[in-house]
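Subject: Structure handover

Hi,

Here is the structure I promised to pass on. Please open it before you read further, and keep it on screen.

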Amino acid sequence: MNTSRASWRNTTHDWATDVDHPHLAHIREDPAAYAPGGVLHLILEVLAYPADEAAATGAGRCTVTLHPDGSVSVADEGRGTDTRFDEHGRPVKKPVMASKDLRFFDHPGAQTLPDGHPRRGMSVVAALSDWLVHTNRRANGSWTQRYEHGVPVTGLEPVPDDGTTGTTVHFLPASQLPPLVGDLRRFVWPDLSVAFTS
């Protein structure tokens, strides 16, 4: 059913905020604070979302791929990022990439990621990546969207349904971030099975 965005309840992100430019700029101004440990922390920020869903449903799977160009993709088999249709029938994806996670970003008691640093949300990954492509497959449709430094540079572009659901987050971390060091396999997520490819 199509409804006005103004009536949608905010849980993790503000549905009324497509892009929070000051928030993204704030992250970009202090990458050491928001991505301590560099690329590793960004990967853990992405993995935290399928881990949330796995904890809620009892099980989940995802694959982390380290690409030759230095980019990283994380593909999961969950329900996909919440996407609704507004009163005009247009798809609207929850603004997880371009606005703050209301649960974590400004909270000193935020959840800690496996690297020991606070979780801040997916906007940190988007803001500190030269580009990020979010492909989102849900029961009500599939779309992809590209971001540069956290700002969307395309709309939601439909992609053919393939009978699956889930999300793929493919990103190129900013060059000033410390590169990935160590084996990601040392981090264990309850209920989430993680495979690694390169």
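My notes on it follow, grouped by place. Bear in mind that this is a predicted model.

**The largest pocket**

The largest pocket holds about 500 Å³ of space. Its lining is made up of 22 residues. Nearest its centre lie Tyr 49, Glu 53, Gly 80, Thr 81 and Asp 82. Which elements supply at least two residues each to this lining? They are α3 (39-57), β2 (72-76), β5 and β9 (166-173). The largest share comes from α3, with five residues.

**Arg 137**

Look next at strand β5, which spans residues 129-138 and includes Arg 137. Is Arg 137 buried or exposed? Its relative accessibility is 18%, so Arg 137 counts as buried. A polar atom of the Arg 137 side chain lies 2.7 Å from the backbone oxygen of Pro 160. Leaving aside residues up to four places away in sequence, Arg 137 touches a list of others. Among them are Arg 79 and Gly 80, then Ser 142, and also Val 159, Pro 160, Asp 161 and Asp 162. Thr 164, Thr 165 and Gly 166 are on that list too.

**Ser 123**

Now move to helix α4, where Ser 123 sits. Ser 123 is buried, at 1% relative accessible area. Which side chain makes a polar contact with the side chain of Ser 123? That is His 23, at 2.8 Å. Ser 123 also touches Leu 24 and Ile 27. Ser 123 and Ala 98 are 25 residues apart along the chain, yet their C-alpha atoms are separated by 5.4 Å.

**Aromatic rings**

How many aromatic pairs does a search of the whole structure find? It finds three. One of the pairs is Tyr 34 with Phe 105. Their ring centres are 5.2 Å apart and their planes meet at 15°; stacked pairs have planes under 30 degrees apart, so this pair is stacked. Tyr 34 belongs to helix α2 (residues 31-34), while Phe 105 is in the loop between β4 (91-93) and α4 (122-127). The pair therefore ties together parts that are 71 residues apart in sequence. Both partners are buried: Tyr 34 has a relative accessible area of 12%, and Phe 105 is at 5%.

Two arginines also lie over ring faces. Arg 84 is over the face of Trp 8, at 5.6 Å from the ring centre. Arg 119 is over the face of Tyr 49, at 4.6 Å from the ring centre. Tyr 49 is also one of the residues nearest the centre of the largest pocket.

**Positive phi angles**

Most residues other than glycine have a negative phi. Two residues here go the other way. His 149 has a phi near 55°. His 149 is in the loop between β6 (141-148) and β7 (151-152). At 38% relative accessibility, His 149 is partly exposed. Asp 191 has a phi of about 75°. Asp 191 is in the loop between β9 and β10 (192-197). Its relative accessibility is 40%, so Asp 191 also counts as partly exposed.

Best wishes

Conventions:
Residues are numbered from 1 along each chain as its sequence is written. This is a predicted model: local features need pLDDT of at least 70, side-chain atom pairs count only at pLDDT 80 or more; totals for chains, interfaces and linings use all residues. Side-chain values use heavy atoms; hydrogens and water are left out. Helices (H or I, at least four residues) and strands (E, at least two) are DSSP runs, numbered from the N terminus. Buried means under 20% relative accessible area, exposed over 50%, partly exposed in between (1.4 Å probe, protein chains only). A polar contact is a pair of N or O atoms within 3.5 Å; within protein, one must be able to donate a hydrogen and the other to accept it, and residues adjacent in sequence count only if both atoms are side-chain atoms. Contact means heavy atoms within 4.5 Å. Rings of Phe, Tyr and Trp (its six-membered ring) pair if their centres lie within 6.5 Å; planes under 30 degrees apart count as stacked, over 60 as edge-to-face and the rest as tilted. A charge sits over a ring if NZ of Lys or CZ of Arg is within 6 Å of the ring centre and within 35 degrees of the ring normal. On a 1 Å grid over the protein atoms alone, a cavity is a set of points where a 1.4 Å probe fits but cannot get out, and a pocket is an open set with protein on both sides within 12 Å along at least five of seven lines; lining residues have an atom within 4 Å of a point. Grid points are joined across faces, edges and corners, and a volume is the space filled by probe spheres set on the points.
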